[in-house]
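Thanks for coming. I have one structure to go through today, and I will take it topic by topic. Please put it up on the screen.

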Amino acid sequence: MIKSIFLIVILFSNLVYAQETSENKLIKIQGRLLEKGTKIPLNEVNIFLLPYKLKATTDDKGNFLFEQVPAGEIQLVVTQVNYQRLERSFQVSQDVSGISIFIERESYSAFETTIVDQKQKRDQSAKALKQEQFLQLPGSGGDPVKAVQNLPGVNRVSGFSSQVVIQGSSPQDTKYTIEGHEIPIVFHFGGLTSVVIPEAVEQVDYLSAGYGPEFSRAMGGVIALKTRKPDVQDREKKGFFFVDNLKAGALMEGKINDQSSYLISGRFSYVGLFLRQALKNNDSLNLTVAPEFSDLNFIYFNQLNEKDELKVDFLASRDTLGFVLKEPVKTDPSIRGTFKNETNFYRVIPTWTRKWDADRISRLSVGAGRNNLLVDIGSNYFELKTFSTSVRGEWDQKFSSVWNSQFGFDNQYLQTKVDFKLPVFNGSGGVSNPISTAPVKDASVSAKLSDIGLYWRNEVQPSDSKWVYLPSLRLDQFGLTREKFVSPRMAVKYNIDDSLLLKAAAGIYYQAPQPQETSIDYGNPEISSPSALHSTFGFEKDFREGAAQGLSFSSNYFRRDFKNLVVNSSEMITRDGALVPEVYSNKGGGQAQGIESQLKFDFTKWQGWVSYTYSESKRWDPAKPEYFFQYDQTHNFNLLASYEYVRNWKFSGRYRYVTGNPYTPIVGGIFDSNNDVYIPVRGPIYSERQQAFQQLDLRADKKWILDTEVWSFYIDIQNVLNAKNPEQIRYSYDYSQKEEVMGLPILPALGIKGEF
Amino acid sequence: MNKMKMILSLGCFCFLFLSCQKDTFKEYSKLEDFRVLALLPDLPEVSPGATVVITPYLSDVANTGPYTFVAKSCFDPGVAYGAKPTCDGGSGVVDIASGAVTGLSATAYTGTVNSFSVAIPAGILALYSNVDQYNGVSYLVTYDVTNSQGKTISSFHRIVVSTRTTKNSNPVIADIMSNGTSLGTTPAASQVDLSVSLATGYQENYDYKKSDGTLVGATETSLITYFYMDGSTKYFRTANPGDVNTYTAPDSYPSGRDSYIVVVVRDGRGGVAADKRKIN
């Protein structure tokens, strides 16, 4: 009854209004409603004209039309969820067309702490950071791979290395891929930034203990970068450029036609300009080739038809550095003269995906390209030229509502030519002997290597069961060592309820030795592949229980048992009837275990996480008793938080506390008369620890939303408290004096970005 | 090759960064404490069964003598591959000589001391490949010298034993030059350009065998180290004998001892030569 009365009143009032204005001129107003800054057309948004209470609804292009609007003063009102209310008054006396109205989104910085949804997360060991997360994490400069270092279980690395050390493994045990295909380097020199522009990366997956059978050849884990498709859903063309204190770059993406689109981006550094100035009057160093890097990324996407899609990634990267030492180094006179380092690689990665039907999907991709590396160190050199082709394919079959299965292959073919004249490195206990004391090996080697990998992954969830079983099998053949391996992997999940998940996984992981370790010229051809047995179990609890905001917590125990690790050897052995240095042996072993936990919080204004890892990583070999591994870090604590303030300000911070790394003390030096150097005398291997590391980083982001463009500015201050964190120890020429080399002091970084 | 690439690249970048940082360590070239500057072999490369005479070159401006020494020799335990350079517990250890160090005279406190002879085992090459026999196998000589305060300096020299027909010989220092003339008295607070004049043919041409047995030609690379008792040098090492190294004399020379500049030249293949000049 009340509802009927209300309708009658409304109708009557409109009638009265129509009678009152019948003598006025009626006009048309036509225009588009767009999101402010991004120019995205807004669909199905109601626009009201007051005082006439006229309403129009936008179409998928954002178009709206008011007909028969009385001329005179009107007020336009737009209200939409997640957008700021717009009210605008103006006089109209004749038809209006082609006007653009912009409404501002409430937030342009969606720093979501939600890890990828469980249903999207195929690998139970995976943690993923999405673009919205890594772009604005403090201390990582928007870099996807550096951002991974904030996750639990990831060890901190010191100095200029931005390698990712996973759960007490070695940095060399981590594999880096883009679209599933291995790339030779993931960071430009000095770990300044990764080789792909962050805005072209959709997601970075961090695969740790117990990872699935799709990947192999890595005892530690995998950092998998996934690029995104060009975003042309809302706009046919868009882009941005940026400038910060190290580099500049731009990205452009657009629609080619209804099926296809493109994305192109590029960056170059000018850090060399600053270094040139800093080293201008340096008595010992003359910078001949400024350290520079550049990268280029091109993505082409084509929705061929309803079932097939083609995505092609092209990635190219180049790093250069050169300098001349005016006098040989004190502790190592063979380090002298001209230095030159150039690294470049490219990959073309076409990926074809076909959805045969609801139950069957196939994926095929090829990663083809070249790796070139030149290192010229005085009279020594190393030049590597590799043509690399990797092929991945997968058939994803849902056999029933209970059983889903994937069959795949992961092959890699390398055609390599190496020319080198290098001393054999010896870094026992993390202490390097002067390279002038080492024998120089000179060789030219060409090789063709094929690594073959086959896998079968299964996911079985019996009806009405809370259990999910993931039995998998991986077969590998390594071309370098001509070994074949069968690697069973098993994972289980148990859903106690929608918010609490228990999980466990185990598997065997093989990793080929480094090529130089098996080289007859440089290493030991009898070296075989080391392996690691992974096991992990833990749980995930989502306290939000369906709500958009709240807390979630996860915790895992992990363990790795390493076998046949390659270690340096100074033994002499008999091979083919002659006495030769063993150089390397497979007599190393190790174990890493720990507990990693993460508490994530996601509230209206506050977002972030707290992660803590307690771990222990040990190694051993016949020459040394059990000792703590170089990257053993007992406590690793990270706190990240961001606060969204009004007017598109956002403040974020990161605090880290990490136990100092073990190191081997040097207790003296023995004078080498042949080379005019002192050979360090090592104390007990890794028996001392550096001081604990702690650092606070702060970041502020501000966006200016104009009608057709968005300008962003950020300041990212690393080590705000200017904490003195020792990164390494350096010694006097005879090792009788020592001092700590501190990490970076307070370091601000500035950047500006314009989106159009 | 990722590991090697990482080591090389990271090393370059770290080195670049560290080059900008000053340390507070004692100067390599300043002769102060008791130290061994070189072990001078009369023959840096020999055939099996040969005898080599080693003459230590010491410095001790602090005058902490008297000194005793112990010299041993043994098969190289694999120093090049990381083994500790000592004969203790090694294979085929020979106690060559021990006793008092003689020859380090007052007012100079720097120079050669009593030498000793090393007999190279005749069968040292027997177990090695033809390539290693040609390129040379190391025979280790250790020399530990202790001063009156009980401080021991350990040093070693590896004698190259090979089947190569033309053996390496020591470089010969013809003169130490100051502004183009022979180095002599240098006025206090003055600045001169030092260089070294080596005897003709100081950079020998030689060849070595690659692992496939092919011969590769090469030329020696010299390393010249400058030491001083007072004042300072711009560089402590140079890569070529003719390279200029600026020496700044002290404002005044100390009384009670002489002031010397010492030059040690190495050829990178075990050949060593040393010479000194009194400059006050």
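R277(B) has a relative accessibility of 16%, so R277(B) counts as buried, the cut-off being under 20%. Keep in mind that this is a predicted model. What does R277(B) meet in a salt bridge? The partner is D175(B), and the N to O distance is 2.7 Å. This pair links distant parts of the chain: D175(B) sits in strand β10 of chain B, residues 173–178, while R277(B) sits in strand β20 of chain B, residues 272–278, and the two are 102 residues apart. D175(B) comes out at 15% relative accessibility, so D175(B) is buried as well.

Now the sheet that β20 belongs to. Four strands of chain B make an open sheet, in the order β17-β15-β19-β20, with antiparallel pairing. At the edges stand β17, residues 237–238, and β20, and each of these pairs on one side only. Inside the order, β15 (residues 223–228) and β19 (residues 260–266) of chain B are paired antiparallel over six bridges. If you want a landmark there, find L223(B), which stands opposite R266(B) in β19(B).

Back to salt bridges, this time in chain A. Over all chains the count is 50. One of them joins the side chains of R85(A) and E87(A), at 2.5 Å from N to O. Is E87(A) buried or partly exposed? E87(A) is at 44% relative accessibility, so the label is partly exposed. Compare R474(A) and D476(A): their closest N and O atoms are 3.1 Å apart, which makes a salt bridge, and both residues are buried. That pair belongs to a network of salt bridges that also takes in R217(A), R392(A) and D410(A).

Next, the surface of chain A. Which residues make the nonpolar patch of about 690 Å²? They are F399(A), W403(A), F407(A), L454(A), W456(A), L473(A), L475(A) and V486(A). Three strands of chain A each supply at least two of the patch residues: β23 (403–423), β24 (440–460) and β25 (467–478). F399(A) is in the loop between β22 (380–398) and β23 of chain A. Its relative accessibility is 40%, so F399(A) counts as partly exposed.

From the surface to the inside. The largest nonpolar core has 52 residues, and the ones with the most contacts inside it are I120(B), Y143(B) and V145(B). What does I120(B) touch, leaving aside neighbours within four places in sequence? The list is V46(B), P48(B), G49(B), A50(B), V52(B), Y139(B), I159(B) and V161(B). Apart from this core lies another, of 28 residues, and L129(A), Y176(A), I185(A) and L315(A) are among them.

Chain A also has an open sheet of five strands, in the order β8-β13-β14-β11-β12, and here the pairing is mixed. The edge strands are β8 (126–130) and β12 (181–182) of chain A; each has a single partner strand, so one side of each has no neighbour in the sheet. Strands β13 (residues 201–207) and β14 (residues 221–227) of chain A run antiparallel and are joined by six bridges. D205(A) stands opposite A224(A) in β14(A).

Last, some backbone details. The bond joining L50(A) and P51(A) is cis, with omega about 10°. P51(A) is in the loop between β2 (46–50) and β3 (54–57) of chain A. K53(A) is in the loop between β2 and β3 of chain A too, and K53(A) has a positive phi of about 55° without being a glycine. K53(A) is at 61% relative accessibility, so K53(A) counts as exposed.

Another positive phi, near 60°, belongs to D676(A), again a residue other than glycine. D676(A) is found in the loop between β36 (666–672) and β37 (677–682) of chain A. Where does the accessibility of D676(A) put it, buried or exposed? The value is 0%, so D676(A) is buried.

Chain B has a cis peptide bond from G65(B) to P66(B), with omega near 0°. P66(B) lies in the loop between β3 (51–59) and β4 (68–75) of chain B.

Definitions and conventions: Residues are numbered from 1 along each chain as its sequence is written. Chains are lettered from A and ligands numbered from 1 in the order in which they are written. This is a predicted model: local features need pLDDT of at least 70, side-chain atom pairs count only at pLDDT 80 or more; totals for chains, interfaces and linings use all residues. Side-chain values use heavy atoms; hydrogens and water are left out. A salt bridge is a side-chain nitrogen of Lys or Arg within 4 Å of a carboxyl oxygen of Asp or Glu. Buried means under 20% relative accessible area, exposed over 50%, partly exposed in between (1.4 Å probe, protein chains only). Patches are made of residues with over 30% relative accessible area and no salt bridge: like charges are joined within 9 Å, nonpolar side chains (Val, Leu, Ile, Met, Phe, Trp, Tyr) within 5 Å. Accessible areas come from the Shrake-Rupley method with a 1.4 Å probe; for residues, only the protein chains shown count as cover. Two strands pair if DSSP finds at least two bridges between them. A nonpolar core is a set of buried Ala, Val, Leu, Ile, Met, Phe, Trp, Tyr and Cys residues joined through side-chain atoms within 4.5 Å. Contact means heavy atoms within 4.5 Å.
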